[in-house]
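Please look over the sequence and the model below before reading on. The briefing takes up salt bridges, surface patches and some backbone features in turn.

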Amino acid sequence: MVQVTERPPASVVVQPWNEHNQTLAHHVHPSDWANPAPAARYNLVVIGAGTAGLVTAAGAAGLGAKVALVERDLMGGDCLNTGCVPSKALIRAARAWADVRDAEGYGVEVPSGSKVNFPVVMDRMRRLRAGISKNDSARRFRDLGVDVFLGEGRFSGPETIDVAGKTLRFKKAVIATGARAAAPPIPGLAEAGYLTNETVFSLTELPRRLGVIGAGPIGCELAQAFARFGSQVYLVEAQHGILPNEDRDAAQIVLQSLLKDGVRLLCCGGDLTVSKGEGEKRLSVESHGQRYDIPVDEILVGVGRRPNVEGLGLDAVGVAVEKTGVKVNDRLQTTNPRIYAAGDICSPYKFTHAADFQARIVIQNALFFGRAKASALTIPWCTYTDPEIAHVGLYERDAATRGIRMKTFVQELTDVDRAILDGETEGLVTVHVQEGTDKILGATIVARHAGEMLPELTLAMTHGMGLGKIASTIHPYPTQAEAIRKLGDQYNRTRLTPFVKKLFHWWLAWTR
Ligand SMILES: Cc1cc2nc3c(=O)[nH]c(=O)nc-3n(C[C@H](O)[C@H](O)[C@H](O)COP(=O)(O)OP(=O)(O)OC[C@H]3O[C@@H](n4cnc5c(N)ncnc54)[C@H](O)[C@@H]3O)c2cc1C
């Protein structure tokens with residue numbers, strides 16, 4: 001563990017200011033950092049050192065480009081500091097608790113009084129995050145040959161970016177400034193105060209009652225984790241059910257699990273208002289025709305992301321901005337051909353792995369006259385509830401709107417031996433193939449480790465392997481991934497037409 005006591009500027013202090021967060025700050029925003037003297041001109045200047053910016057900078061420098069990377073807050077961006085990393089550390093602790101809770105069903109006697117120690121859970125998360133942060137550290141990137149500038153970046157001319165009193169001259173630039181939690185226009189919310197992903201991981205005490213607004217991936221993951229830790233969680237969602245973007249039957253399985261964990265869902269919620277009372281906040285919402293007035297200790301907003309475009313001087317360099325962020329073409333080039341963008345700032349796919357692969361496209365296109373296209377990426381995603389729900393490609397509704405005819409194969413985990421033995425039968429694998437072929441167009445998996453199972457199908461889609469190939473791939477027995485192979489068998493059975501069956505019958509009778 002690095003021993004440091006120096007405190008970075010107030011704007012970038014991560015709370016609580018303990019040894020783990022000191023280590024984090026030491027890596028990703030060292031207070032003693034001296035920005036280097038700028039080079040005469042850079043091949044690439046990257047604004048924003050989240051996943052998109054880090055991958056662009058490291059990749060380009062590795063290929064020999066002269067690269068500057070500008071970060072105003074914490075290197076590593078959302079993923080490391082306030083997103084994937086801390087949330088998954090909490091989710092793992094929550095799963096440990098659920099395993100203890102359910103252990104008797106496996107014949108394990110659990111001492112009574114077992115409970116979650118929330119401060120220890122949070123401390124574990126901060127320790128693990130601090131450890132991982134070394135990979136994204138300013139010093140590591142300097143050692144990779146990148147000129148790291150800490151400060152707010154801003155376009156100051158057609159080929160210049162200003163940061164902390166220095167001017168960086170670029171041949172090409174990349175905007176990788178990401179997105180932040182948006183404040184939804186809910187009456188009373190701002191006055192009452194609320195948590196977002198930027199503040200929730202700084203909690204040191206468990207809120208006894210927690211209102212979560214939005215049952216998308218962030219809302220569902222954290223609602224379940226906090227319910228498992230012992231908060232009474234009220235999950236408020238404007239639409240019906242949870243995870244509105246996922247298939248209904250798949251999302252329903254996850255919902256059952258959240259309800260089992262004690263989450264109270266108020267869906268089809270309308271007319272939501274928030275007020276501040278004596279030592280508490282109140283959520284008032286109409287759900288399914290009934291009005292609810294719920295006292296809570298904290299409110300977590302899990303909906304809406306707003307692109308970080310302000311203060312970048314984009315107007316001056318002719319970079320157009322839309323509601324969703326910086327406007328890019330399929331080659332991730334902005335409306336200024338010398339300036340590219342990658343990650344949450346421009347992408348409808350707000351995931352770390354999407355930011356990573358967009359960064360690789362930008363390197364090719366910006367530095368080597370490449371023609372790589374963002375639309376060619378096959379981007380999977382996973383929501384890390386328990387069970388997880390993972391998806392790639394088309395949903396049934398997409399195919400319907402595009403007039404694509406699909407055949408759908410479903411394998412419930414209730415018929416998969418490993419899932420039965422694990423006691424994890426709440427789940428399924430759904431694969432859509434183009435009608436008349438085995439070409440995989442989309443897939444959804446609900447399973448405890450759906451995110452670990454999905455890459456097999458993503459690989460098949462990316463490299464044009466059909467479901468028939470998966471059927472002929474030997475999977476170890478017993479594994480939950482066998483569910484995918486079984487779908488291949490289902491597909492093969494459809495090829496056994498009455499005519500083929502008759503032929504087999506004749507042949508076998510003749511050779512008896
Ligand atoms: C709670 C939560 C959980 C998540 N979990 C997952 C998950 O499990 N898996 C997954 O794939 N994705 C997850 N995500 C999404 C993921 O975190 C983002 O998609 C990813 O971080 C995007 O990376 P980025 O580089 O585009 O942007 P960011 O990570 O937002 O980085 C942008 C950086 O730019 C900096 N910046 C902005 N403006 C300026 C400026 N003017 N000058 C200098 N620097 C600037 C910011 O400070 C920031 O560091 C999660 C997100 C949240 C909120």
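The notes that follow are grouped by topic.

This is a predicted model, in which local features need pLDDT of at least 70 and side-chain atom pairs count only at pLDDT 80 or more, while totals for chains, interfaces and linings use all residues. Residues are numbered from 1 along each chain as its sequence is written, and side-chain values use heavy atoms, with hydrogens and water left out.

**Salt bridges**

- The count comes to 30 salt bridges, a salt bridge being a side-chain nitrogen of Lys or Arg within 4 Å of a carboxyl oxygen of Asp or Glu.
- Asp-261 and Arg-101 form a salt bridge in which the closest N and O atoms are 2.5 Å apart; Asp-261 lies in the loop between α9 and β10 and Arg-101 in helix α4 (residues 84-102), so this pair ties together parts that are 160 residues apart in sequence.
- Helices (H or I, at least four residues) and strands (E, at least two) are DSSP runs, numbered from the N terminus.
- Asp-261 is buried at 9% relative accessibility, whereas Arg-101 is partly exposed at 30%; buried means under 20% relative accessible area, exposed over 50%, and partly exposed in between (1.4 Å probe, protein chains only).
- Arg-209 and Glu-280 meet through their side chains in a salt bridge of 3.3 Å, N to O, and because Arg-209 lies in strand β8 (residues 209-213) and Glu-280 in the loop between β11 and β12 (281-287), the pair ties together parts that are 71 residues apart in sequence.
- Both Arg-209 and Glu-280 are buried.
- Salt bridges that share partners join Asp-99, Arg-101, Asp-102, Arg-228, Lys-260, Asp-261, Asp-386, Glu-424 and Arg-448 into one network.

**Arg-448 and its contacts**

- Arg-448 sits in the loop between β23 (440-447) and α13 (450-462) and is buried, with a relative accessible area of 13%.
- The side chain of Arg-448 makes a polar contact of 3.0 Å with the side chain of Asp-386 and another of 3.3 Å with that of Glu-424; a polar contact is a pair of N or O atoms within 3.5 Å, where within protein one must be able to donate a hydrogen and the other to accept it, and residues adjacent in sequence count only if both atoms are side-chain atoms.

**Surface patches**

- Patches are made of residues with over 30% relative accessible area and no salt bridge, like charges being joined within 9 Å and nonpolar side chains (Val, Leu, Ile, Met, Phe, Trp, Tyr) within 5 Å.
- Accessible areas come from the Shrake-Rupley method with a 1.4 Å probe, and for residues only the protein chains shown count as cover.
- A nonpolar surface patch of about 990 Å² is made by Leu-496, Phe-499, Leu-503, Phe-504, Trp-506, Trp-507, Leu-508 and Trp-510.
- Within this group, Leu-503 belongs to helix α16 (residues 498-510) and is partly exposed, with a relative accessible area of 40%.

**Backbone features**

- The peptide bond from Asp-386 to Pro-387 is cis, with omega near 5°, and Pro-387 lies in the loop between β19 (381-383) and β20 (388-393).
- The peptide bond from Tyr-477 to Pro-478 is also cis, with omega near -10°, and Pro-478 is placed in the loop between α14 (467-471) and α15 (482-494).
- Leu-243 has a phi near 45°, a positive value in a residue other than glycine; Leu-243 is in the loop between β9 (232-236) and α9 (248-260) and is buried, with a relative accessible area of 2%.
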